[in-house]
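Subject: Structure handover

Hi,

Here is the structure I promised to pass on. My notes follow below it.

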Amino acid sequence: MVEELVVAGVAAASVCVVYVAAAAKVVKQYERGIVFRLGRLRNQIRQPGFTMIVPGVDRLRKVNMQIVTLPIPAQEGITRDNVTVRVDAVVYFRVIDPANAVIEVEDYRFAVSQMAQTSLRSIIGKSDLDDLLCNREKLNQGLELMIDSPAVGWGVQVDRVEIKDVSLPEAMKRSMARQAEADRERRARVINADAELQASVKLSEAAKEMSKQPAALQLRLLQTVVAVAAEKNSTLVLPFPVELLRFLERAQQPGPAGTLPPHTHTADQAAQGQTAPGPATPEPGTPELASAQPVDGRAAGVEPVPERSALGAPAQGWPDPDGGGQGPEVASGSVEALAEARVQERRDPSRLPPAGPPAAA
């Protein structure tokens, strides 16, 4: 009798152990449990931890509540501006309602994947190439809304959608590269032109400052010579000094008011024995003489001697402005007489006879 009781107790204990082993379930922290009793959903969602079900009557299904990263295969399409592209993306979603994720859709992962592919194709057809390349944030938001709208009824929430890569044909890549190069070249030319304008303004200001002091130009030239000589790979030749350039510059400038003409000479020059380099201005009214030669300053010591006779005839050695050739030679008088006549002319101009027509040669 005792043995039968022991055997029955052992059998009952074994049955209890088997029952407990079949009824005991463990739900992990990132999972939720859904219980189907005789095929009907129980309203209670089993939370993480240890739970019990009725073996043979209840069936427990665990749903993962973690965020799922689902890559979208590359989709080929034609943009609104007729460019063929291949675009791939990635979707981040998670289950917020385990019951709907199990009941409303057969496989929520596959459903979200197919919805993401069709939405991506639709976005490609509605967008331009520039939007796909530069305005991806706006396209990501639109793609997220297109996927999330039907997924809400499945108990799935789409957290984020990102366009990962846009593949372009090789011809389009080369065309875009040429466009970018041309734009860079245009910007470089504009910047260079702006720099030239600013440099010209600064050079103009520098030229004005250097014109105030002529020595600054020579110093600038010497600086240029030093800069060229520093390279030690060129030969610098200066065929004439800088002072010669300055002398020529002064020679081309008009003389100040009151400067004597080049064909006259002063009393100091006459005293040193210098004569005029050219013909003098005719002085009408010289008496007693038909013509005269240049006066030696050592004998006279007076102001410039006229080289034309009192009657208007040209002096010896100078062409006649009336076309008559050279004037006659000195007929009479001497250097002393000519000097005396000039002195009398200075003292009393009324004694001079009136100027008449030029004498015949």
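Asp-159 is partly exposed, because its relative accessibility is 29%. The cut-offs: buried means under 20% relative accessible area, exposed means over 50%, and partly exposed lies in between (1.4 Å probe, protein chains only). Asp-159 forms a salt bridge with Arg-94, at 3.6 Å from N to O. Arg-94 lies in strand E7 and Asp-159 in strand E8, so the bridge ties together parts 65 residues apart in sequence. Arg-94 is also partly exposed, with a relative accessible area of 29%. A salt bridge here is a side-chain nitrogen of Lys or Arg within 4 Å of a carboxyl oxygen of Asp or Glu.

Two notes on the source. This is a predicted model, in which local features need pLDDT of at least 70 and side-chain atom pairs count only at pLDDT 80 or more, while totals for chains, interfaces and linings use all residues. Residues are numbered from 1 along each chain as its sequence is written, and side-chain values use heavy atoms, with hydrogens and water left out.

More on salt bridges. The count comes to nine. One of them joins Asp-58 and Arg-37, with the closest N and O atoms 2.6 Å apart. This pair links distant parts of the chain: Asp-58 is in strand E5 (residues 58–64) and Arg-37 in strand E2, 21 residues apart. Asp-58 is buried, at 8% relative accessible area. Arg-37 is partly exposed, at 28%. Another bridge pairs Arg-160 with Glu-162, at 2.6 Å from N to O. Arg-160 is partly exposed, with a relative accessible area of 43%.

Now the overall picture. The protein has eleven helices and eight strands. Helices (H or I, at least four residues) and strands (E, at least two) are DSSP runs, numbered from the N terminus. Of the 361 residues, 25% are buried. The protein exposes about 24,400 Å², and carbon and sulfur atoms supply 56% of that. Areas come from the Shrake-Rupley method with a 1.4 Å probe; for residues, only the protein chains shown count as cover.

Next, helix H5, residues 136–151. Its 16 residues should span 22 Å at 1.5 Å a residue, and its end C-alpha atoms are 22 Å apart, which agrees. The expected span is 1.5 Å times one less than the number of residues. Buried in H5 are Leu-139, Asn-140, Leu-143, Ile-147 and Ala-151. Seen down the axis, they fall within an arc of 100°, so they line one face of H5. That arc is taken from the directions from the helix axis to the C-beta atoms. Lys-138, Leu-145 and Ser-149 are exposed on the other side of H5. The buried residues of H5 pack against strand E7 (84–95), helix H3 (108–126), helix H4 (129–134) and strand E8 (156–167). Contact means heavy atoms within 4.5 Å.

Two loop residues are worth a look. Most residues other than glycine have a negative phi. Leu-38 has a positive phi, near 50°. Leu-38 sits in the loop between strand E2 (31–37) and strand E3 (40–46), and is exposed at 69% relative accessibility. Asn-82 has a positive phi too, of about 60°. Its loop runs between strand E6 (68–78) and E7. Asn-82 is exposed at 67% relative accessibility.

Over to you.
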